[in-house]
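Dear colleague,

I am handing over the structure below, together with its sequence. Please look through it first, and then read the notes that follow.

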Amino acid sequence: MNWNALSQFEADTNTPQYAQLAARLREWIVSGRIPAGSPLPALREIAALSSTNYSAAQMAAEELARDGFIFKRRGRNGGMFVRRLPEHSETIAILLMEEAAYAGGNIFNNTLVDLLSAKLETLGYRAVIWHDRRAMEERGTIPPILDDALKAGRVQALLLPNVPDEAAAWVSRLAIPYSTVSRENMATPDLAPLVEVMKHRTFRKMRLITSGGTGELRDDPLVRAFAAFGMRITPEQIVRMPGGRQTLNRLGRCGYEATKALLAEKECPDLLVVFPDHAALGAAQAIAEIGVQVPGEMVAAFHRNREFDHFFSFPVIPLDVSIDHVADMLIERLLTT
C-alpha cells in the first residue's frame, strides 16, 4: 500500500474531517487495497499525509476500530492493523466446556461467552454458542456437536473460553482456526493501585492466594502481574489452591480455608492478595469471622471484575480485570492467525 495516496484526500466542509477520513480508509480496506494484516501508519503520519490533524486521525482510527475494520496491538511490535473481514455467512462457534452438574456456575465464563457472541455479530460473523457438558473423563474426544459441524462444513472457526487438560489433545489437532485463553491473553489483574500503596508502605509479610493449581509458578496470573512491575514472587509467599474441578466450583471455600490458615499463623500477613474474585469472597468471610482489622492490622488487595459489582465490609484495594478486554484479545488472536 502506497500511503502517499492519502495526499489526494480532500475533505469538504459539510462533514467532519474524521468521518471523511474514516470513510476513505474503510473504502480501501473493503476493496482490498489495504490487505488484511497490513499495518497502518502512525496517527501523526496519517494526519500529515491527509493534510488533516492528529485529532481527526485519532477519531477516524477509533471509528474504524469500533466498527471492526482495524485492531490495535500493544507491545514492541504494536500499532494499528487491518482486520480480516468475514466471508459471506462465515460462522464462528463458541464452545464452553463444563460438566452438567456445574452448568452456569462460572460467571466469568458466562459473561465472556456473551461478550464474544455480541462482538462477533457486530463484526459481521454468525456466532453460535455450544456447551460441552460431558463428564470430565469423557472430554478426551471431540464433542459430537462440533464433530458433526466440522464434517458438514457448518463452522469455519472456533473460540474456546476454557480448555480442560483432558481436551487439549483434540483441540491441538483442529483443522480450523481457533483461539483459547492462554498465558498471553488470560485475565491478568491490574496491580497499579496496589503497587502505588507499596511505594509508601513497607510490608514485612505479604501472602498471595491464587487459583494457579499445579502449573508453572511463572504462568500464574498474579505472579505475571507482579513480574510486569519488576517484582519477584517466591514460592514461600504464595498459597496455590487446588486445580481442576475443585478450583472451578469451590473457589469461595478454598479462599476461605486458605485465609483462615494464614491468619492462624503466629505472625499474620500484613498484606493479603487474593485472586480470583470468588476466592476473595471466601477470604473476606474468613477475615470478618476472625476479626482482623483491615486496613489497620492487614491490607487486603482483592481481584475485581470491572463488569461486576463487589461489596466488602472493609476497605479493599481492587485488582481489576476487564472481561471485555479478554474477549477482544481472543477475537484478535483468532482473526489474525
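**What was found**

The secondary structure of the protein chain amounts to 12 helices and 11 strands, where helices (H or I, at least four residues) and strands (E, at least two) are DSSP runs numbered from the N terminus. Please bear in mind that this is a predicted model, in which local features need pLDDT of at least 70 and side-chain atom pairs count only at pLDDT 80 or more, while totals for chains, interfaces and linings use all residues. Residues are numbered from 1 along each chain as its sequence is written, and side-chain values use heavy atoms, with hydrogens and water left out.

Taken along the principal axes, the C-alpha atoms of the protein chain fill a box of roughly 75 × 55 × 30 Å. Of the 337 residues in the protein chain, 46% are buried; here buried means under 20% relative accessible area, exposed means over 50%, and partly exposed lies in between (1.4 Å probe, protein chains only).

**Salt bridges**

A search of the whole structure gives 12 salt bridges, each being a side-chain nitrogen of Lys or Arg within 4 Å of a carboxyl oxygen of Asp or Glu. One of them joins K119 to D324, with the closest N and O atoms 3.0 Å apart. Because K119 lies in helix α4 (residues 107-122) and D324 in helix α12 (residues 323-335), this pair ties together parts that are 205 residues apart in sequence. K119 also forms a salt bridge with D328, where the closest N and O atoms are 2.9 Å apart, and since D328 is again in helix α12, that pair ties together parts 209 residues apart in sequence. As for accessibility, D324 counts as partly exposed at 28%, and D328 counts as partly exposed at 34%.

Another salt bridge is formed by the side chains of D320 and R306 (3.8 Å, N to O), which links D320 in strand β11 with R306 in the loop between β10 and β11, 14 residues apart. D320 is buried, at 15% relative accessibility, whereas R306 is partly exposed, at 49%. Both residues belong to a network of salt bridges that links D190, R304, R306 and D320.

**Aromatic pairs**

The count comes to four aromatic pairs, under the rule that rings of Phe, Tyr and Trp (its six-membered ring) pair if their centres lie within 6.5 Å, with planes under 30 degrees apart counted as stacked, over 60 as edge-to-face and the rest as tilted. The rings of F71 and F81 have centres 5.7 Å apart and planes at 25°, so this pair is stacked. The pair links F71 in strand β1 (residues 70-73) with F81 in strand β2 (residues 79-82), 10 residues apart. F71 is buried, with 4% relative accessibility, and F81 is buried as well, with a relative accessible area of 11%.

In the pair of F302 and F312, the ring centres are 5.3 Å apart and the planes are at 65°, so the arrangement is edge-to-face. F302 sits in strand β10 (residues 299-305) and F312 in the loop between β10 and β11 (317-321), 10 residues apart. F302 is buried at 1% relative accessible area, while F312 is partly exposed at 24%. Ring pairs also link F302, F312 and F314 into a cluster.

**A charged patch**

Residues E137, E138, D165 and E166 form a negative surface patch. Patches are made of residues with over 30% relative accessible area and no salt bridge, with like charges joined within 9 Å. E137 is found in the loop between β4 (126-132) and α5 (144-152), and E137 is exposed, with a relative accessible area of 68%.

**Backbone details to check**

Most residues other than glycine have a negative phi, and most peptide bonds are trans. The peptide bond from F275 to P276 is cis, with omega near 5°, and P276 is in the loop between β9 (271-275) and α11 (277-290). The peptide bond from V294 to P295 is likewise cis, with omega near 10°, and P295 is placed in the loop between α11 and β10. S51, although not a glycine, has a positive phi of about 55°; S51 lies in the loop between α2 (43-50) and α3 (54-66) and counts as exposed at 59% relative accessibility.

Note on methods
Patches are made of residues with over 30% relative accessible area and no salt bridge: like charges are joined within 9 Å, nonpolar side chains (Val, Leu, Ile, Met, Phe, Trp, Tyr) within 5 Å. Accessible areas come from the Shrake-Rupley method with a 1.4 Å probe; for residues, only the protein chains shown count as cover. Lys and Arg count as positive and Asp and Glu as negative; His and the chain ends are not counted. The place of a charge is taken as NZ of Lys, CZ of Arg, CG of Asp or CD of Glu.
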